[in-house]
Amino acid sequence: MIRPGKGAEIRMAWWRRKKQALEQTSESNKVSVPRGLWTKCDACGEITYTAEFVQNLRVCPVCGHHHVMPTKERIAAMLDRDSWQPLDLELRSGDPLGFRDQAAYSDRVAKADRSVGPTDAFTAGFGTIDGLDVSAGFFVFEYMGGSMGSVVGEKVTRVFERALERKIPAVIFSASGGARMQEGILSLMQMAKTSAARGRLRAAGIPYVSVCLHPTTGGVAASFAMLGDVILAEPRALVGFAGPRVVQQTIGQELPPGFQRAEFLLEHGMLDRIVGRLELREQLGLMLRLLAGAPAKAAAALPPAPAG
Amino acid sequence: MSGKVLEFERPIVELETKIRELKDLSGAGSEMADEIARLEQKAAELQRERFAALTPWEQLQLAKHPDRPYTLDYIGEVLTDFVELKGDRAFGDDPAIVGGIARLDGRSVVVLGQQKGRNTKENLHRNFGMARPEGYRKAQRLMKMADQFGLPLLCLIDTAGAYPGIGAEERGQAEAIATCLELMAGLRVPSISVVIGEGGSGGALAIGVTDRILMLEHAVYSVISPRGCASILWKDAEAERTAAEQLKMTAHDLVGLGICDEVVPEALGGAHRGLPATAAALHDALRRHYGELAALSVQDRLERRYAKFRRMGHVEMQA
Ligand SMILES: [Zn+2]
């Protein structure tokens with residue numbers, strides 16, 4: 001646990017007094033919060049020790065707001081401890097179109113590789129949830145907005161193919177703005193490729209659970225993310241085909257409050273359940289066991305909760 | 001006909017107008033006949049030259065030309081006995097996608113495609129060929145019917161994209177498209193999709209997961225519209241010409257990228273200047289491809305279709 005020094009305590013008292021002002025100018029104030037010590041809730045402005053905040057899976061202890069979670073933490077929180085075996089680490093994006101907007105695509109990829117790691121926008125592998133083997137995949141939203149190019153499409157396809165081969169459930173945690181424009185039509189075709197692989201899993205009677213994180217839109221939503229036997233979402237996650245800005249520009253009027261949020265989708269019958277991040281792992285374990293017809297696991301045998 | 005003339009069509013259209021005027025002036029069999037023949041030859045040459053050097057941006061203008069033939073035009077030219085079938089059996093009928101049963105060379109097929117309108121009134125009715133979930137669910141129903149009765153499936157793609165509206169999102173646009181993709185990948189019957197104009201994003205692909213993917217010569221197929229791409233990546237919608245080049249969206253680009261199986265030639269000057277010739281070329285291509293597909297077993301077709309899409313993309317391996 002990181003204990004704040006005296007200076008930090010004074011600063012915190014000041015922040016608490018100025019909470020109102022903080023909300024109004026959150027952008028400029030964000031920088032002033034000592035990094036690694038304190039984290040301010042994006043929704044309610046509450047200040048929490050970063051260590052506790054991370055321990056709490058980046059869910060605000062006061063208002064329950066689910067903050068963006070780095071993929072590493074996500075994997076640790078969703079799978080049984082030390083069960084993750086990442087695969088496909090050798091796959092890299094090329095530049096099939098020689099695409100260049102304000103920067104060259106190859107430079108964007110190299111930059112993301114350096115700052116996030118060479119996973120591209122998706123990491124795939126095997127793990128266990130509640131002791132049950134799964135073929136799992138996690139979008140890396142930090143990497144070019146989780147956009148799906150050829151590498152992501154290939155890895156998603158392999159998640160389904162490995163699930164089929166081993167006859168174990170597939171679980172995918174999506175967080176993506178959609179297809180990666182810099183790979184043009186090849187990105188679009190990843191929607192077809194992944195959906196075809198998902199279809200083979202369905203035909204074999206093997207469960208696939210799709211978890212939609214904030215945000216899941218475009219070509220990812222309009223393919224495998226909406227094709228789960230069970231589709232879950234985190235609270236308030238934005239899930240939809242067209243981005244809200246595009247919808248607004250098209251219709252030329254204000255969007256209704258809560259539009260395209262998980263609660264909106266649940267109401268319209270597009271999701272099975274909204275599950276809070278703190279309950280998600282346990283719920284996934286339960287559902288996967290039920291779907292696979294596996295017996296309930298004794299509570300005592302459950303592995304310890306991951307420590308963030 | 002809107003009579004719209006694109007910038008690069010103008011010299012040709014002007015020459016053609018001049019030829020028509022000469023013909024009117026001189027009457028049949030006059031001393032002007034040589035001159036008219038010379039001009040006609042010149043017009044054809046000019047057209048051939050100009051159309052051999054079209055930029056991606058010009059291709060896009062042709063693909064979206066208001067006089068370009070639409071789905072129902074090709075159905076009328078290539079198929080017989082078309083009977084339109086409507087409704088998704090859940091919510092409504094979406095006129096942005098038309099579909100039904102018809103004959104190709106006397107054999108029953110199921111056909112569907114996005115349908116744009118010719119004028120404002122038609123476009124309001126057909127929503128500019130931008131389908132809502134009901135359209136994709138109607139498509140699913142027809143695809144399942146094709147499978148049930150063992151009828152080959154023909155999909156004509158011509159849309160700027162699926163409609164981004166509030167109702168469309170409420171009723172599950174993403175799910176409707178996704179389900180189309182999965183369903184098509186598993187159909188037992190032979191399937192061919194043809195991009196006849198605009199192939200815009202997921203709303204186009206939703207009816208494009210087929211054994212063969214054909215494109216008309218001046219059709220385009222892209223992950224996003226150049227304008228949308230420009231506004232996101234260039235933060236400037238005016239950069240759309242550059243985006244059109246960068247996206248590699250022409251029929252020949254898609255052959256090079258391993259997506260399009262065959263480019264179907266259009267009439268000289270584009271399909272809007274010669275529907276019968278374009279439709280005849282399409283008819284030939286369809287006959288040939290369905291013939292090849294019919295010779296395969298169901299299992300073989302399913303394996304090949306899976307492998308076809310499985311290969312798509314460009315992935316490098318780190319040494
Ligand atoms: Zn909060």
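Colleague: What makes D105(B) partly exposed?

Modeller: A residue is buried if 20 or more other C-beta atoms lie within 10 Å of its own, exposed if 12 or fewer, and partly exposed in between, with C-beta atoms placed from the backbone. D105(B) has 13 other C-beta atoms within 10 Å, so it is partly exposed. D105(B) lies in the loop between β2 and β3 of chain B. Phi of D105(B) is near 50°, a positive value in a residue other than glycine. Helices (H or I, at least four residues) and strands (E, at least two) are DSSP runs, numbered from the N terminus.

Colleague: Where do the numbers and letters come from, and what kind of model is this?

Modeller: Residues are numbered from 1 along each chain as its sequence is written, while chains are lettered from A and ligands numbered from 1 in the order in which they are written. The model is predicted, so local features need pLDDT of at least 70 and side-chain atom pairs count only at pLDDT 80 or more, whereas totals for chains, interfaces and linings use all residues.

Colleague: How confident is the predictor in chain B?

Modeller: pLDDT is the predictor's confidence in each residue, from 0 to 100. Chain B averages 95, and 99% of the residues score at least 70. The model scores ipTM 0.96 and pTM 0.92.

Colleague: How do you know whether chain B is as compact as a globular protein of its length?

Modeller: The radius of gyration is taken over C-alpha atoms, and the globule rule is 2.2 Å times the number of residues to the power 0.38. Chain B has 14 helices and nine strands. For its 319 residues the rule gives 20 Å and the radius of gyration is 21 Å, which is close, so chain B is as compact as a globular protein of that length. Along its principal axes the C-alpha trace of chain B spans about 65 × 50 × 50 Å. Buried residues make up 50% of the 319 residues.

Colleague: How do you know that the length of α6 in chain B agrees with its number of residues?

Modeller: The expected span of a helix is 1.5 Å times one less than its number of residues. Helix α6 (residues 133-149) of chain B has 17 residues and should span 24 Å; its end C-alpha atoms are 24 Å apart, so the two agree. Just after α6(B), G150(B) takes a positive phi of about 65°. Buried residues of α6(B) include Y136(B), L142(B) and M143(B). Among the elements that cover them are β3 (107-114) and β4 (153-159) of chain B, where contact means C-beta atoms, placed from the backbone, within 7 Å.

Colleague: What makes β4(B) largely enclosed?

Modeller: Seven of its seven residues are buried, so β4(B) is largely enclosed by the rest of the structure. L153(B), C155(B), I157(B) and T159(B) point one way, and L154(B), L156(B) and D158(B) the other way. In a regular strand the side chains alternate between the two faces of the sheet.

Colleague: Which strands pair with β4(B)?

Modeller: Two strands pair if DSSP finds at least two bridges between them. β3(B) and β4(B) run parallel and are joined by four bridges, with V111(B) opposite L154(B). β4(B) and β5(B) also pair in the parallel sense, over six bridges, and I157(B) stands opposite V195(B).

Colleague: Why is α3 of chain B called largely enclosed?

Modeller: Helix α3 (residues 56-63) of chain B has seven of its eight residues buried, so it is largely enclosed by the rest of the structure. Its buried residues pack against β5 (191-200), β7 (220-222), α10 (226-234) and α11 (240-246) of chain B.

Colleague: How many residues does each chain give to the contact between A and B?

Modeller: Chain A gives 50 residues and chain B gives 45. The largest share of the side of chain A that touches chain B, 15 residues, comes from α8(A). R92(A) has E316(B) as its bridge partner.

Terms used: Two residues are in contact if their C-beta atoms, placed from the backbone, lie within 7 Å.
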